[in-house]
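Please look through the structure below before reading on.

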Amino acid sequence: LSFDGAAGELVGEPNEGLKAMFAMMNTERIAVGIQGLAVAEASRQNAVAYARQRLQGRAATGVKAPELAADPIIVHADVRRMLMTQKALVEGSRMLALWAAQMLDVSERHADPAARRAAFDFVQLMTPVVKSFLTDVGSEAANLGVQILGGHGYIRGNGQEQFVRDVRVTQIYEGTNGIQAHDLLGRKVLQLDLIGSFTRPVKEFIAGVSQGDALDEFVAPLSEALGRLESVTMLLRQRGLRDPDEIGAAAVDYMRLFALTALGFLWAKAVAVSLPRGNDAFHRAKIATARFFIARVLPQAASLHTAIVTGAAPVMELDESMF
Ligand SMILES: Cc1cc2nc3c(=O)[nH]c(=O)nc-3n(C[C@H](O)[C@H](O)[C@H](O)COP(=O)(O)OP(=O)(O)OC[C@H]3O[C@@H](n4cnc5c(N)ncnc54)[C@H](O)[C@@H]3O)c2cc1C
């Protein structure tokens with residue numbers, strides 16, 4: 001495999017040395033992403049256990065546990081908001097990690113060279129997303145974990161603050177998340193034009209869902225987020241030629257927009273699997289968590305889109321001496 005500068009793309013089959021290097025980089029970055037995800041899940045489990053037993057206040061809709069001095073805090077809507085955010089981000093990120101890991105296997109082991117190559121493109125594209133988004137989720141979820149425990153979250157013996165400190169480095173090492181975002185937008189999307197290996201399966205999935213279908217509730221917002229991602233990709237392709245700061249100013253927001261769109265797709269797929277089996281608690285929880293993600297997290301795509309479209313000028317306006 002070599003990089004053809006004029007064509008702006010990788011050509012040929014990877015040689016053994018490059019294969020080993022890519023395998024190591026991909027493995028390390030995916031592993032750090034999984035580290036972020038693992039801390040998020042540990043913090044989430046700790047927070048759920050605490051919210052079930054900590055007594056404080058009464059439910060806004062009326063007393064839920066009259067035999068106790070107060071209701072457990074899991075009855076409160078704001079505590080639910082935090083627990084649901086953790087759950088939707090953690091389970092969505094787990095699907096993303098598994099998708100990337102499965103394609104990594106395909107890129108190494110599939111009998112068909114064309115399938116190996118397509119999977120290799122996908123892994124290249126998604127590796128910075130897995131590294132940076134899953135570690136961002138790690139920090140976000142661990143911070144929510146502290147908040148759910150209130151003052152007890154700040155106490156070392158309860159473990160939650162340790163998760164925040166431990167996970168923070170994952171956003172820095174193996175390439176900072178800012179650099180991962182540059183790799184995604186500048187190299188993987190604009191230079192190598194690999195975005196189709198992500199958008200193609202998303203579009204195929206959307207095209208298979210007809211209007212009025214029960215899945216429409218999930219697929220319509222997904223389709224909107226994908227449209228936003230594609231429109232800013234086109235915009236940045238043009239603006240980046242004029243002013244390279246447009247790429248740097250947009251990269252981190254672009255990364256999150258990309259990752260949220262990917263999670264929207266994976267949650268919609270999870271619903272497609274769960275709807276026919278929706279009588280048991282596991283599948284009902286999947287559908288409800290997907291609904292929370294689509295209705296309460298994915299709308300961030302609109303503000304990320306607005307910030308990206310606004311461009312680099314407000315980021316770069318201040319003279320260095322004025323900071
Ligand atoms: C606990 C810990 C363990 C580590 N373990 C290892 C290890 O085992 N092996 C190893 O090799 N390394 C290791 N590292 C190093 C780690 O990979 C680097 O710290 C990391 O890649 C960031 O580099 P830096 O610290 O030089 O930060 P800098 O590169 O100085 O970055 C500082 C800030 O500037 C930004 N920035 C830098 N350059 C650019 C640019 N061109 N465009 C836009 N923004 C930019 C960064 O995103 C960051 O926000 C470890 C680091 C830590 C903290």
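Contact here means heavy atoms within 4.5 Å. The model is predicted, so local features need pLDDT of at least 70 and side-chain atom pairs count only at pLDDT 80 or more, while totals for chains, interfaces and linings use all residues. Residues are numbered from 1 along each chain as its sequence is written, and side-chain values use heavy atoms, with hydrogens and water left out.

Q86 belongs to helix 2, residues 77-109; helices are DSSP runs (H or I, at least four residues) numbered from the N terminus. Leaving aside residues up to four places away in sequence, Q86 is in contact with S43, R44, A47, A141, L144, G145 and I148. Q86 counts as buried because its relative accessibility is 0%, where buried means under 20% relative accessible area, exposed over 50%, and partly exposed in between (1.4 Å probe, protein chains only).

Around the ligand are V169, I172, Y173, E174, G175, T176, I179 and H182, each with a heavy atom within 4 Å of it. Of the ligand's 970 Å² of accessible area on its own, the protein covers 26% (Shrake-Rupley method, 1.4 Å probe). In the side chain of T176, an N or O atom is 2.6 Å from an oxygen atom of the ligand.

E174 sits in the loop between helix 4 (160-168) and helix 5 (177-191). Its phi is near 55°, positive in a residue other than glycine. Most residues other than glycine have a negative phi. E174 is partly exposed, because its relative accessible area is 32%.

D193, in the loop between helix 5 and helix 6 (196-207), is not a glycine either, yet has a positive phi of about 55°. With a relative accessible area of 49%, D193 is partly exposed.

Note on methods
A polar contact is a pair of N or O atoms within 3.5 Å; within protein, one must be able to donate a hydrogen and the other to accept it, and residues adjacent in sequence count only if both atoms are side-chain atoms. Helices (H or I, at least four residues) and strands (E, at least two) are DSSP runs, numbered from the N terminus.
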